[in-house]
Amino acid sequence: FPGNRQETRFASILNRVLAVHHDDLRHLGYNTKDVGTHSIRKGAASYLSSLPSGPNPTSICIRGGWTMGRVRDIYMRYISSGDQFVGRCLSLLPILSMEFAASPPFFTTVPGTEDDCWVEQAINVQFPMARAIVGFGRLLRMGLASILFHRAWIFATMHVNHIVRVSSAILRSATTLEKLESVPNLIQVKYPWNDRVHAFSGIPPYVSILQDISLVRNDQRELIDNFVVQVKEALRQYGINGNHMAEQRIQELLNQFQLDLDGRLDRAGFQQAGANEVERIETGQGYMLHVYGGVMHRVPADWRFPRCGVLDLWRQWWIGDTVRHIHPLRFLKIEDVQHLDGIPLDETEQHGRNGRFGQQRRAVKRTLCDLRFLMNWISNKVESVGAKEEVITLSSVNRMFEAVSHFFSQAERDGQKSWLTVVRAVRTRG
């Protein structure tokens with residue numbers, strides 16, 4: 001990360017997080033004053049050494065970079081499988097479950113195919129700034145696969161204004177979700193017992209035994225289920241309870257018809273864009289209005305001003321969210337967000353806020369004014385360097401930002417500073 005005092009900056013962020021969760025830590029029996037940056041390193045080693053059948057002390061010391069004495073350092077060296085076992089434990093995979101052997105989510109595409117081209121375009125859309133860093137290609141590919149594979153968990157667990165959802169442009173596109181539905185095996189998680197292509201390491205032998213036990217259990221259940229089916233079939237053949245079976249079959253047909261109809265209705269809203277398109281041309285049309293409080297709004301009731309960096313805000317300024325039907329922010333009017341003034345800050349919004357007015361919501365009119373000021377300032381810079389594009393897509397929006405990225409510092413470009421902080425800096429620079 002850029003900067004000369006990253007250790008101090010990280011410690012300050014950690015202290016703010018601890019202050020927010022002070023009561024939770026006290027409930028668990030911890031004092032916030034006893035937790036520091038070194039607690040992460042010490043806690044990881046303590047956790048590993050306490051695991052039953054966990055990593056041996058040598059692997060823990062090698063991962064931590066600690067000396068074991070002259071003789072031990074010479075004869076006990078780094079071996080990838082032992083270190084990868086440590087990595088799996090630190091990833092909090094359940095050590096007493098078959099899931100411990102799971103691979104990370106990965107794309108199953110073949111280089112040069114249409115699906116692989118879609119993945120490459122999606123990486124450019126999601127990570128436009130990091131894409132240019134040499135050696136980051138494989139890391140970004142795995143990161144995107146993980147985001148898309150866990151999308152259901154992200155939608156169900158994380159608040160709509162969480163930084164992960166706000167910063168994930170790929171999750172705001174309905175064409176992305178349609179692509180994943182049309183190619184269900186695009187992203188997979190494999191295990192050693194069902195994959196003969198990839199090499200798995202860092203997995204203890206007992207995990208394979210757990211898999212064998214699970215297979216035996218499933219076979220037993222299948223035998224019982226088949227026995228029940230055969231008994232029912234025999235009763236049907238002999239005409240026992242025949243009327244009930246006929247009625248049940250009609251009900252099954254009706255249920256199947258209802259499922260097919262629901263599926264067609266769900267897909268009706270996504271017919272304008274093809275499944276192989278990573279991005280679409282933004283026209284500002286096709287979004288539903290949200291009705292609450294007796295008034296129509298361009299954003300849903302749970303929407304809040306994004307807490308993100310300049311690039312993510314610039315994207316949302318031009319590109320709407322077709323999944324939640326959030327219009328591009330450039331179309332926002334004060335009437336769309338005026339109701340936020342009467343809503344207290346929730347737990348997500350209170351995170352990291354301190355000071356005299358830390359628990360008070362900033363005036364909506366002022367926030368909207370700052371948002372428009374910053375976006376118009378960037379738009380003017382884009383026009384001044386001749387980089388303005390008429391066709392609005394995620395790629396064109398990224399290109400316009402890259403053309404003027406030199407007007408921002410490294411921390412401002414990378415999103416380490418929120419857009420509100422950048423507004424104050426821009427106003428100061430004039």
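**Salt bridges, aromatic pairs and nonpolar core**

A salt bridge joins the side chains of Arg-141 and Asp-116, with an N to O distance of 2.6 Å; the term denotes a side-chain nitrogen of Lys or Arg within 4 Å of a carboxyl oxygen of Asp or Glu. This pair links distant parts of the chain, as Arg-141 belongs to helix H8 and Asp-116 to helix H7, 25 residues apart. Helices (H or I, at least four residues) and strands (E, at least two) are DSSP runs numbered from the N terminus. The structure is a predicted model, in which local features need pLDDT of at least 70 and side-chain atom pairs count only at pLDDT 80 or more, whereas totals for chains, interfaces and linings use all residues. Residues are numbered from 1 along each chain as its sequence is written, and side-chain values use heavy atoms, with hydrogens and water left out.

Asp-116 is buried, at a relative accessible area of 10%, whereas Arg-141 is partly exposed, at 22%. Here buried means under 20% relative accessible area, exposed over 50%, and partly exposed in between (1.4 Å probe, protein chains only). By the salt-bridge rule the count comes to 11.

A second salt bridge is formed by Asp-302 and Arg-324, at 2.5 Å from N to O. Asp-302 is located in the loop between strand S4 (295-297) and H14, and Arg-324 in the loop between H14 and helix H15 (334-337), so the pair ties together parts that are 22 residues apart in sequence. Arg-324 is buried, with a relative accessible area of 18%, while Asp-302 is partly exposed at 31%.

Arg-427 and Asp-370 also form a salt bridge, in which the closest N and O atoms are 2.9 Å apart. The two residues lie 57 residues apart, Arg-427 in helix H20 and Asp-370 in helix H17. Asp-370 is buried, at 8% relative accessible area, and Arg-427 is partly exposed, at 41%. Arg-427 additionally lies over the face of Phe-373, at 4.0 Å from the ring centre; for this assignment, NZ of Lys or CZ of Arg must be within 6 Å of the ring centre and within 35 degrees of the ring normal.

A search of the whole structure finds 7 aromatic pairs. One of them, Trp-377 with Phe-408, is edge-to-face, at 5.7 Å centre to centre and 70° between the planes. Trp-377 lies in helix H17 (residues 364-384) and Phe-408 in the loop between helix H18 (394-403) and helix H19 (410-413), so this contact ties together parts that are 31 residues apart in sequence. The rings of Phe-401 and Phe-408 are stacked, because their centres are 5.8 Å apart and their planes at 15°. Pairing applies to rings of Phe, Tyr and Trp (its six-membered ring) with centres within 6.5 Å; planes under 30 degrees apart count as stacked, over 60 as edge-to-face and the rest as tilted. Phe-408 is buried, at 4% relative accessible area, as is Trp-377, at 15%. Ring pairs link Trp-377, Phe-401, Phe-407 and Phe-408 into a cluster.

The largest nonpolar core has 59 residues, and those with the most contacts inside it are Leu-148, Trp-303, Trp-314, Val-337, Leu-374 and Ile-378. H17 supplies the largest share of this core, 8 residues. Such a core is a set of buried Ala, Val, Leu, Ile, Met, Phe, Trp, Tyr and Cys residues joined through side-chain atoms within 4.5 Å.
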